[in-house]
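Dear colleague,

I am handing over a structure that you have not worked with before, and I would be glad if you looked through it alongside the notes that follow.

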Amino acid sequence: MDYQELVLESFTTLTLNKVRTGLAMLGVIIGIGSVITLVSLGQASQHSIENQIKSLGSNLLTITPGAQKNGGISGASGGITTLTYNDAEAIKNSPEISTVKSVSAEYSSRTQVVAGRNNTNTQVSGITPEYAAIRNITLSNGSFVSKAHLAGMSKVAILGSQTSEDLFGKDVSPIGKTIRINGISFNVIGLMESKGGSGPMNQDDKVFVPLTTAQKLLFGVNYVNSIYVEAVSENAMSRARDEIGYFLLARHKIKDPAQADFSIMSQEDILGAAAQVTGTFTILLSGIAAISLIVGGIGIMNIMLVTVTERTHEIGLRKALGAKKKIITLQFLFEAIIITFVGGIIGIILGIGTSFILSRSINLPFAFSLPSILLAFGVSAAIGILFGWYPAQKAANLQPIDALRYE
Amino acid sequence: MIKVSHISKIYKTGEVEVAALDDVSFEIKKGEFAAIMGPSGSGKSTLMHILGALDIPTKGEYWLDGKLIDNLDDDELAGIRNKNIGFVFQAYNLLPRTSALKNVTIPMMYGDISKEKRLEKAKKYLQMVGLGDRLEHTPAQLSGGQKQRVAIARALTMNPNIILADEPTGNIATKQAIEVMKIFDDLNKEGHTILVITHENEIAECGKRIIYLRDGKLVEDKINKRRREFAKITL
């Protein structure tokens, strides 16, 4: 009796009890399916975040105000007012700094924007003309903030595609129209191209105004949230970081670098931090899915044990007719493996299908990861062997005479 | 062919020891048609299990075809059951939801006989027991007598030294019982060694030799002079 025949024999036995086989399979299908769905969704969101960060521009250093420690007491970061537009201008014009191509500064805050009867709560960013180049902003229509706007504190605005849609409706050009921010009228001079995205990080839900206008007219502040620096090349990034760091320390009259009232981050740092978060998230999801896979495996063992008990008489008969232990072990083991194998394939198809549909419906790129599929499949096969082994052994060790008597 | 000498089987239930078989010795030669007869509890089922290599005696020796069976391990016993013994059970013991043909091939499957040869032999033996037209029937679609004939076909396929039948007619109607016993008689005429275990006189008297058991002991071993002539039986 060869293996091919044993597999066929096991397969035939499984088809004799379709409901039970189906139920045992269901555990594996759900287990494998959820592993694949969750892992691929996790990877998709990781890709999506990485792409979003990359799309903000490479060679980019972001300087943010940091908590300045005063005798061991640190203030909340973010609300710090240590960076100004003058810092940005100084970085741009300093003869000590050779690695910087362009510099921009931003002050942004969420506020209510009104156009006619429509209004929306959105992020209003005061920026300088260099911002567009540094942050890869392209306009689908109109023009961006100019030096003259900045110098003249002009009341002009550039709308994100989402904001424009909220205020003026779909497919309506906002150029030349008027919006009101904090009660002050602004003339819309530009419309941004859609970057795609959703949620609170939506790059399309934004209004740009000149930095000076935002600081003096809208929000009454004299500091900035961040300064963006574009280095001359990717290789110059670390030098640029050092130059700017020492320059700002000197400018802010801070001697100990550990006491710096600002921090400089490259895109890589942000990417790394984001990757860590999404990575942890993926591991967490996979962990949950793995638990369901193990539960599925225990389900198989449970059903195989019931099968062994129910088929005690049959096992006794097979042994009486000359089946050796190995043959009985293999027959039951193959049954468990076939259940996990077939269940695994269905689970993989289901998992890919589900993750495809889900990633479409929540606007994520569809990530298809072969290693995760192979892993899930390997794990399911291992579960078949692992959880099928004990019932198979139990069957093989039955004494034919006891098994024959069993009714 | 079969030689048992001083075999005993002792079961322990707690402190009490019960001897299901107590010092039984006999020999069965090739071509014999013997019946082992006794009331229930006489130890005949235990004897059948030992003779069938399903169980081993506590004491004594069992020689089958010149080979001592007592010291074999599980797998070796499985080999003996497969090649040397053909079983016919009271409860038929066919695989449910499985065709007669497939049922008959099972011992050959475990005996490593090629697939083509298995089917060919299974068909041949099923035709021999008069079931040539019921190859694809499952046990549920067959009568008691037919099921037992499938079991006999199954017992013959590996060409065993001996056919062991344990109450082969216990579950079937008289007319079919006679048909079954007639098949055994025919097989014996072809040279097969047959050992039937029964508690019914009529069945035991089909044998050429009758061994009587009582309380685990062999009480009588005689040539059956009142043997039924199968050809003459009509119902």
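A residue is called buried here if 20 or more other C-beta atoms lie within 10 Å of its own. By that definition, buried residues make up 45% of the 235 residues in chain B, while 39% of the 407 residues of chain A count as buried. Please keep in mind throughout that this is a predicted model.

To begin with chain A, it holds 13 helices and twelve strands, and it is divided into domain 1, which covers 3-52 + 273-405, and domain 2, which covers 67-260. The C-alpha centres of these two domains of chain A lie 54 Å apart. The radius of gyration of chain A is 32 Å, whereas a compact globule of 407 residues would have one near 22 Å, and its C-alpha atoms fill a box of roughly 100 × 55 × 35 Å along the principal axes.

Chain B has seven helices and ten strands. Its radius of gyration is 18 Å, close to the 18 Å that the globule rule gives for 235 residues, so chain B is as compact as a globular protein of that length. The box filled by the C-alpha atoms of chain B, taken along the principal axes, is roughly 50 × 45 × 35 Å.

One helix of chain B deserves a separate note, namely α2 (residues 74-84), where the buried residues include Leu77(B), Ile80(B) and Arg81(B). The buried residues of α2(B) pack against β4 (59-64), β6 (85-88) and α3 (100-110) of chain B, and also against α10 (312-320) of chain A.

Key:
Residues are numbered from 1 along each chain as its sequence is written. Chains are lettered from A and ligands numbered from 1 in the order in which they are written. This is a predicted model: local features need pLDDT of at least 70, side-chain atom pairs count only at pLDDT 80 or more; totals for chains, interfaces and linings use all residues. Domain bounds come from an automatic or database domain assignment. Helices (H or I, at least four residues) and strands (E, at least two) are DSSP runs, numbered from the N terminus. The radius of gyration is taken over C-alpha atoms; the globule rule is 2.2 Å times the number of residues to the power 0.38. A residue is buried if 20 or more other C-beta atoms lie within 10 Å of its own, exposed if 12 or fewer, and partly exposed in between; C-beta atoms are placed from the backbone. Two residues are in contact if their C-beta atoms, placed from the backbone, lie within 7 Å.
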